Amino acid sequence: MNIIFGDPSKVTDKYTVLELDTFKSPSGDQVMTAYCVLEMIPLEEMTTAANWLQIHADLMQAYHQRHWNYCKQAIELLNGKWNKDLDSFYNNLLERVNEYEVNQPTKDWDGSIIKEVSPTAAA
């Protein structure tokens with residue numbers, strides 16, 4: 001699995017690409033989305049991969065719309081899929097969902113992770 005930032009259109013014809021998180025600078029002037037690029041889906045999973053792709057897309061939409069119950073159900077279903085490459089992402093997302101159930105994000109929350117990019121991290 002590889003992670004790319006920005007426009008995934010150059011690889012979508014050859015690989016399965018899944019949206020992960022959107023990162024935003026504290027000032028909000030820089031926004032960047034991270035995508036997972038899956039190179040090899042096990043042959044026995046090919047028939048169900050399209051369904052998982054849709055569930056993953058629905059999960060990300062539900063997360064941004066604060067539909068926490070759907071998120072938890074989708075994460076439970078998706079854990080172990082994609083050759084387990086996304087399990088750490090799903091587990092991290094589940095931790096956030098559980099936290100947001102207890103402490104709702106602010107009204108202006110759009111699902112982005114606020115993160116300052118340091119010059120050394122960008123190099």
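I will start with Asn-98, which lies in helix H3. This is a predicted model, so please keep that in mind throughout. Asn-98 counts as partly exposed, because its relative accessibility is 34%. For orientation across the fold, take Asn-98 and Tyr-35: they are 63 residues apart in sequence, and their C-alpha atoms are 23 Å apart in space.

Asn-98 also turns up in the surroundings of Lys-72. Lys-72 lies in helix H2 and is partly exposed, at a relative accessible area of 28%. Which residues does Lys-72 touch, leaving aside those up to four places away in sequence? They are Leu-94, Val-97, Asn-98 and Glu-101.

Now the helix pairs. Two packed helices are described by the angle between their axes and the distance between the axes. Take H1 and H2 to begin with. H2 covers residues 68–78, and its axis is 9 Å from that of H1, at an angle of about 150°. H1 and H2 are therefore roughly antiparallel to each other, and their crossing is left-handed. On the H1 side, the contact is made by Trp-52, Ile-55, His-56, Asp-58, Leu-59, Ala-62 and Tyr-63. On the H2 side, we have Trp-68, Tyr-70, Cys-71, Ala-74, Ile-75, Leu-77 and Leu-78. Sorted by class, that contact has 12 nonpolar residues, 1 polar and 1 charged.

Next, H1 with H3. H1 runs over residues 46–64 and H3 over residues 87–102; their axes come within 12 Å and cross at roughly 30°. That angle makes H1 roughly parallel to H3. The crossing of H1 and H3 is left-handed. From H1, the residues involved are His-56, Leu-59, Met-60 and Tyr-63. They meet Phe-89, Tyr-90, Leu-93, Arg-96, Val-97 and Tyr-100 in H3. By class, the contact of H1 with H3 has 8 nonpolar residues, 1 polar and 1 charged.

On to the cysteines. How many disulfides does the structure hold? The count is 0. Cys-36 is in no disulfide, and the nearest cysteine sulfur, in Cys-71, is 18 Å away.

Last, the backbone in the loop between H2 and H3. Most residues other than glycine have a negative phi. Asn-83, found in that loop, has a positive phi of about 60° although it is not a glycine. Lys-84 lies in the loop between H2 and H3 as well, and its phi is near 65°, a positive value in a residue other than glycine. Are they buried or exposed? Asn-83 is partly exposed, with a relative accessible area of 44%, while Lys-84 counts as exposed at 58% relative accessibility.

That is what I have for today.

How values were computed. Residues numbered from 1 in each chain as written. Predicted model: local features only at pLDDT ≥ 70, side-chain atom pairs only at ≥ 80, totals over all residues. Heavy atoms only, no water. Disulfide = S-S within 2.5 Å. Axes fitted to C-alpha atoms, helices over the stretch in contact; angles between N-to-C directions. Helix = DSSP H or I, 4+ residues; strand = E, 2+ residues; numbered from the N terminus. Parallel < 35°, antiparallel > 145°, perpendicular 65-115°, else oblique. Left-handed = near helix turned anticlockwise from the far one by under 90°. Contact = heavy atoms within 4.5 Å. Nonpolar A, V, L, I, M, F, W, Y, C, P; charged D, E, K, R; others polar. Buried < 20%, exposed > 50% of the residue type's maximum accessible area, 1.4 Å probe, protein only.
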